[in-house]
Amino acid sequence: MQTITTKTQAFTDQKPGTSGLRKKVKVFQQPGYLENFVQSIFDTLDVPSGATLALGGDGRYYNRHAIQTIIKMAAANGFARVVVGQAGILSTPASSHIIRKYQTFGGVVLSASHNQGGMNGDFGIKYNISNGGPAPEKITDTIFEKSKIITEYKIADIPEVDVDALGEIVFDGGKFTVEVIDAVQDYADLMQELFDFSAIKKLLASGFKMQFDAMHAVTGPYAQEIFVNRLGASANSLMNCVPSEDFGGGHPDPNLTYAEDLVKLLFAGEKSPDFGAASDGDGDRNMILGKNFFVTPSDSLAVLAANATLVPAYKNGIAGVARSMPTSGAADRVAAKLNIPCYETPTGWKFFGNLMDAGKVTLCGEESFGTSSSHVREKDGLWAVLFWLNIIAAKQMSVEAILMAHWAEFGRNVYSRHDYEAIPTEAANSVIAHIKGQFSSLPNQKLGSYTVKTCDDFSYHDSIDGSISNNQGIRILFTDGSRIVFRLSGTGTEGATIRIYLEAYDPDTKNHHLDAQVALAEMIKIALQISQLVEKTGRVAPTVIT
Ligand code: VG1
Ligand code: CO
């Protein structure tokens with residue numbers, strides 16, 4: 001096996017964002033672009049002899065090409081073995097599970113997640129460490145530093161590997177091996193260990209109707225195995241379950257805007273199914289719907305925490321909960337009642353890893369349709385769907401009834417996120433600068449019926465490794481506990497995306513049926529007034545409301 005050292009020119013823009021490096025496919029197709037970043041990852045690691053690398057992606061356009069390149073580069077950079085998902089595909093939670101189960105040194109996950117795919121869409125790559133979770137900032141910062149000064153990369157001169165056939169391919173008398181695995185079984189087995197499959201099976205056999213939308217993305221085969229083969233759901237309860245390289249031309253983002261077909265089915269009046277769910281491009285996000293009812297992800301985390309003991313894996317209780325800063329405080333209220341800690345971290349799953357490794361938290365969640373537990377170190381879409389089905393089977397209540405009872409007990413953290421996508425970077429920066437410019441004048445100001453208590457740019461101090469992450473989002477906190485958060489996206493690939501997160505607490509059951517946009521109308525006005533967003537960007541309405 002010969003190693004070829006190839007000269008290369010450094011790129012200046014390979015800075016990993018919220019979740020790895022995401023760029024247009026066209027950017028990744030520049031000669032050396034993918035290779036430089038992969039080499040920078042390997043140069044950052046201290047690969048021990050005999051090390052195994054897990055490898056797989058969400059199956060989007062360019063996945064197959066990148067898989068072959070990375071296998072060859074792993075061989076040239078000291079890995080003894082690569083475990084790759086069949087056809088080069090692994091959902092992100094399955095990647096995390098494979099890293100943990102096979103105790104690999106780490107893993108490369110190829111995904112741009114909820115971003116559009118296809119030739120003109122996005123591609124992405126990130127490195128996960130041996131706990132199965134995304135590399136912490138210490139590592140991603142080093143990768144970026146190395147990518148700016150790289151001059152050569154190493155690649156092995158070996159033939160293309162057939163990643164469609166399961167089994168082992170041995171090179172050079174065993175010096176390097178590629179093993180192609182079917183991760184669907186591994187992942188389905190893990191789910192079966194965690195949840196009460198017989199109770200869910202009974203529920204599905206009782207006439208309870210569910211509809212799952214894989215959005216033409218990676219979870220299709222996993223959903224088929226779990227819902228149909230193992231839990232006896234009818235085949236037509238699955239939709240869009242054949243993965244495609246461009247996700248059927250859509251946005252594989254499970255929200256009320258992009259999962260339109262599913263939303264229509266669930267909001268069709270009395271004839272709607274009892275339960276609906278969708279997952280994203282790489283299978284780590286989830287949207288939960290009831291009959292004519294939408295569950296906000298922040299509420300979902302709170303409901304899962306409050307009902308965790310109904311699930312076999314968490315029957316003895318949960319150690320603690322963590323949520324990203326912009327996620328609503330609904331989970332905090334549950335944690336307070338359960339007398340367990342609740343941590344607030346910056347946006348991005350990489351910040352939960354240390355807390356889970358230290359046994360401080362069991363459940364974690366983000367407002368961006370992400371929930372999971374310490375069974376892996378990534379968010380996990382199908383896990384959340386199964387958790388909900390397990391709760392419904394145990395409580396024999398509808399989704400809406402579960403939420404109404406939850407709000408009656410804990411009060412409702414009314415919540416919404418408004419995204420303004422593809423704004424010219426300068427205009428977006430001027431919005432943020434304008435808000436920051438008011439940090440000293442805002443406190444104590446009365447805005448409509450709200451009074452500002454404090455405002456800041458969120459900083460996180462990791463209590464486990466002592467690291468500090470600054471500039472994680474602007475918070476305007478009001479005296480009654482309501483808040484507005486402004487953040488720039490770290491996953492977008494076109495201009496800048498401004499996210500406005502709105503939250504107001506309402507203990508009064510009389511208002512709990514209100515639509516969030518109605519309940520938050522005044523705060524939305526205040527957010528636009530403080531930010532001058534319309535004036536500075538020319539945008540009169542958000543691109544997506546969730
Ligand atoms: C978004 C979400 C964040 C999530 C990240 C990755 O990041 O807001 O909560 O962790 O996507 O999710 P940003 O920086 O664009 O707000 V996934 O499913 O795209 O890996
Ligand atoms: Co995702």
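**View 1. A mixed open sheet in the predicted model.** Seven strands build an open sheet here, ordered E2-E6-E5-E3-E4-E9-E8, with mixed pairing. Strands are DSSP runs (E, at least two residues), numbered from the N terminus. Two strands pair if DSSP finds at least two bridges between them. Strand E2 (21–24) and strand E8 (167–171) are the edges. Each has a single partner strand, so one side of each is left without a neighbour in the sheet. From one strand to the next, the twist averages 15°. Axes are lines fitted to C-alpha atoms, and angles run from 0 to 180 degrees between N-to-C directions.

**View 2. Strands E3 and E5.** Strand E3 (residues 52–57) and strand E5 (residues 106–110) run parallel, joined by 5 bridges. Leu-53 stands opposite Gly-106 in E5.

**View 3. An antiparallel open sheet.** This sheet has 7 strands, in the order E20-E21-E24-E25-E26-E19-E27, and its pairing is antiparallel. Strand E20 (446–447) and strand E27 (544–545) are the edge strands, and each pairs on one side only. Strand E24 (residues 474–478) is joined to E25 by 4 bridges, and the two run antiparallel. Leu-477 stands opposite Arg-483 in E25.

**View 4. Ser-489 and its contacts.** Ser-489 lies in the loop between strand E25 (483–488) and strand E26 (496–506). Its side chain reaches the backbone nitrogen of Gly-492 at 3.2 Å. The Ser-489 side chain also makes a polar contact with the side chain of Arg-499, at 3.3 Å. A polar contact is a pair of N or O atoms within 3.5 Å; within protein, one must be able to donate a hydrogen and the other to accept it, and residues adjacent in sequence count only if both atoms are side-chain atoms.

**View 5. Side chains at the oxygen atoms of ligand 1.** A polar side-chain atom of Ser-113 is 2.6 Å from an oxygen atom of ligand 1. For Arg-487, a side-chain N or O atom is 2.7 Å from a ligand oxygen. For Arg-417, the corresponding distance is 3.5 Å.

**Notes.** Residues are numbered from 1 along each chain, and chains are lettered from A and ligands numbered from 1 as written. In this predicted model, local features need pLDDT of at least 70, side-chain atom pairs count only at pLDDT 80 or more, and totals for chains, interfaces and linings use all residues, while side-chain values use heavy atoms, without hydrogens and water.
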